[in-house]
Amino acid sequence: KLYNTKGNIINISPQLAPNSPHSCYKLEVVAADCNSELLGILHFSTRELLGNRKIKILCCCRQWEDAEIMVLLQVMYTDLDFISTFNIELDVLQQFLYEVYRRYNNIPFHNFKHCFCVTQMMYGLIWLTDLRSEMDSIDLLIMLTSAVCHDLDHTGYNNAYQINARTELALRYNDISPLENHHCAVAFEILEKTESNIFRNLSTEQFKRIREGIIKCILATDMTRHTEILNKFKAILPVFDFSDKDHRDVLMMIMIKVSDISNEARPMDVAEPWLDCLLQEFFNQSDMEKLEGLPVTPFMDRDKVTKPSSQTGFIRFVLFPLFTELANLFPCLEKALDYYTEMEKALEREKQNWTQSEKMVKPSNLKEPEAHPEPGGMTKPVNL
């Protein structure tokens, strides 16, 4: 939280006047480990902060209130100059974020805090990769807004369940990415209202481009399209050209995919509680599938899935290849690859320990299930 010299809370924005030695802003870090070095930074130059990005918005969003998260999302729009560039009124942006908040459901994983984590990762990647110098502001606006809206009104049950249970969403969208199509529809329902339409001061052509871009990005988060999109990106990498619209479109889809599965990019003490929430949501679905006599999604079955077995395959076959290709375009991301390598090794050791402990309580002639990747962020145990 940022305070002025009178002790009033103010927003961080490029419009703030710089500090002077006799007139310092005060920064209170309210979501950090007590031993964090950030807590020592109480006085700083606003322009230095905004210019060098020495202080990041922390990702441990479970410690933030929802109202504070909405303020942080507003700061991202301000910090990327969207407010001034696209003439977005502050009260309209606030109403938009409030409507978004209302349309995220109180479910274990795909909730408003997940929306924030994905958006914060997108915001961080935009700065880290210096995309502002390579892409125009409309593309960046599409990417950030897509992250904000990408899981609107998620039910907690994935597309496989929607299709097998013949839900209203599956019938409405003919079994084609029912959830992602619904997320898009809800986003534009919000934007249809004048009081929450952050694009209302743009031209018809600009809005058409933004609508097309948001739909492409959100539909790209359907994990059944993971291999298709990744292969497209790999094919254009050797000749990637930021002036080519098709190339930019594929990159934008890759960026939101990376952001959507970015929990493993967080420190372990942040990532692990999110994995617990994801498993809880998965187990809820498999329980419902068993109750309704539907095919049980294997990587969601509480009788077959363990934390280490689920994540080793996911990191190795989904996350690692995605970051590897993105790092080929942006070498500044190479450090992330080392992090994932170490994490995968740690998870593999944990998996082996779990296997050993299970063998002590199971008959020796039974073999353990082996994890194989399955779209949806987890892995699919297959009995040998």
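I looked up the salt bridges, each being a side-chain nitrogen of Lys or Arg within 4 Å of a carboxyl oxygen of Asp or Glu, and the structure holds 19 of them. The model is predicted, and I kept in mind that local features need pLDDT of at least 70, that side-chain atom pairs count only at pLDDT 80 or more, and that totals for chains, interfaces and linings use all residues. Residues are numbered from 1 along each chain as its sequence is written, and side-chain values use heavy atoms, with hydrogens and water left out.

I turned to Lys 113, which pairs with Asp 66 at 3.1 Å between the closest N and O atoms. For accessibility I used under 20% relative accessible area for buried, over 50% for exposed and partly exposed in between, with a 1.4 Å probe and protein chains only. Lys 113 counts as buried at 19%, whereas Asp 66 is partly exposed at 23%.

I next noted Glu 189 and Arg 103, whose side chains meet in a salt bridge at 3.8 Å, N to O. Glu 189 lies in helix α9 (residues 178-192) and Arg 103 in the loop between α4 (90-102) and α5, so the pair ties together parts that are 86 residues apart in sequence. Glu 189 is partly exposed at 41%, and Arg 103 is partly exposed at 25%.

Terms used: Helices (H or I, at least four residues) and strands (E, at least two) are DSSP runs, numbered from the N terminus.
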